[in-house]
Amino acid sequence: MKKQIIVNYESVSWEQLDQQDRELIEKAKTASLYSYAPFSQFHVGCAVRLDNGIIITGNNQENASFPCGTCAERSAIFYAHSNYPDHAPTTIAITARQQDGNFIKQPLPPCGACRQALLEMEHIYLKPMRILLYSTTETFIIPSVQDLLPLQFTASMMEG
Ligand code: THU
């Protein structure tokens, strides 16, 4: 039997974003300025809005021992969960600047490891986390992490 998975998401212009989402993206853009990426020169920033209105930001932190580095998304979401464990993340905005310092022209989808880490948060809080992928040409609005990671591995799979 053949099966199909469909991902629903929107592409919107800056003008089509509401005030709250614009604010979150601006915070992600600012966070990218503080990224530590001397090896890739790819500066990722993200901002997470929690259900109490607090915004947490993060960026990628690289290391001379490459695997020790961490993506922006995990920097932010782990900080959020370690400091505000009672508050669900409702939206995460992600963007990046390239070597030339300009923001990306195409939205940056989070890497596989970050999708898995973000998914865990949806399972903890039983609430979808919207994902905003900002670029200079368009912004993708993805309704939940589930949409980015179909056929997912979760803790329930170990229960037998
Ligand atoms: N990076 C992120 O921070 N988030 C992603 O979703 C993709 C990649 C970082 C990791 C590394 O510091 C640099 O971008 C190049 O891969």
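Reader: Is aspartate 51 buried, partly exposed or exposed, and what is its relative accessibility?

Author: This is a predicted model, so keep that in mind as we go. Buried means under 20% relative accessible area and exposed means over 50%. Aspartate 51 has 36% relative accessibility, so it counts as partly exposed.

Reader: Which residue does aspartate 51 form a salt bridge with?

Author: To spot one, look for a side-chain nitrogen of Lys or Arg within 4 Å of a carboxyl oxygen of Asp or Glu. Here the partner is lysine 127, and the closest N and O atoms are 3.6 Å apart. Aspartate 51 sits in the loop between strand 2 and strand 3, while lysine 127 is in the loop between helix 3 and strand 5, 76 residues apart. Lysine 127 is partly exposed too, because its relative accessibility is 41%.

Reader: How many salt bridges does a search of the whole structure find?

Author: Three. Another one joins arginine 130 to aspartate 21, with N and O atoms 2.7 Å apart at the closest. Those two are 109 residues apart in the chain, arginine 130 in strand 5 and aspartate 21 in helix 1. Aspartate 21 is buried, at 6% relative accessible area, but arginine 130 is partly exposed at 27%. Then there's glutamate 23 with arginine 49, at 3.1 Å from N to O. Glutamate 23 belongs to helix 1 and arginine 49 to strand 2, so this pair ties together parts 26 residues apart in sequence.

Reader: Do strand 5 and strand 6 run parallel or antiparallel?

Author: Antiparallel, with four bridges joining them. Leucine 133 stands opposite phenylalanine 140 in strand 6.

Reader: How many of the five residues of strand 5 are buried?

Author: Four of them, so strand 5 is largely enclosed by the rest of the structure. In a regular strand the side chains alternate between the two faces of the sheet.

Reader: What unit do strand 4, helix 3 and strand 5 make?

Author: A right-handed β-α-β unit. You can check the helix itself by its length. At 1.5 Å a residue, the 14 residues of helix 3 should span 20 Å, and its end C-alpha atoms are 21 Å apart, which agrees.

Reader: And which residues of helix 3 are buried?

Author: Start with the general idea: an α-helix has 3.6 residues a turn, so residues three or four places apart point the same way. In helix 3 the buried residues include Cys114, Ala117, Leu118, Met121 and Tyr125. Helix 2, strand 4 and helix 4 are among the elements that cover the buried residues. Just after helix 3, have a look at leucine 126, which takes a positive phi of about 55 degrees.

Key:
Residues are numbered from 1 along each chain as its sequence is written. This is a predicted model: local features need pLDDT of at least 70, side-chain atom pairs count only at pLDDT 80 or more; totals for chains, interfaces and linings use all residues. Side-chain values use heavy atoms; hydrogens and water are left out. Two strands pair if DSSP finds at least two bridges between them. Buried means under 20% relative accessible area, exposed over 50%, partly exposed in between (1.4 Å probe, protein chains only). The expected span of a helix is 1.5 Å times one less than its number of residues. Contact means heavy atoms within 4.5 Å. A crossover is right-handed if, with the strands pointing away from the viewer, the path from the first strand over the helix to the second runs clockwise.
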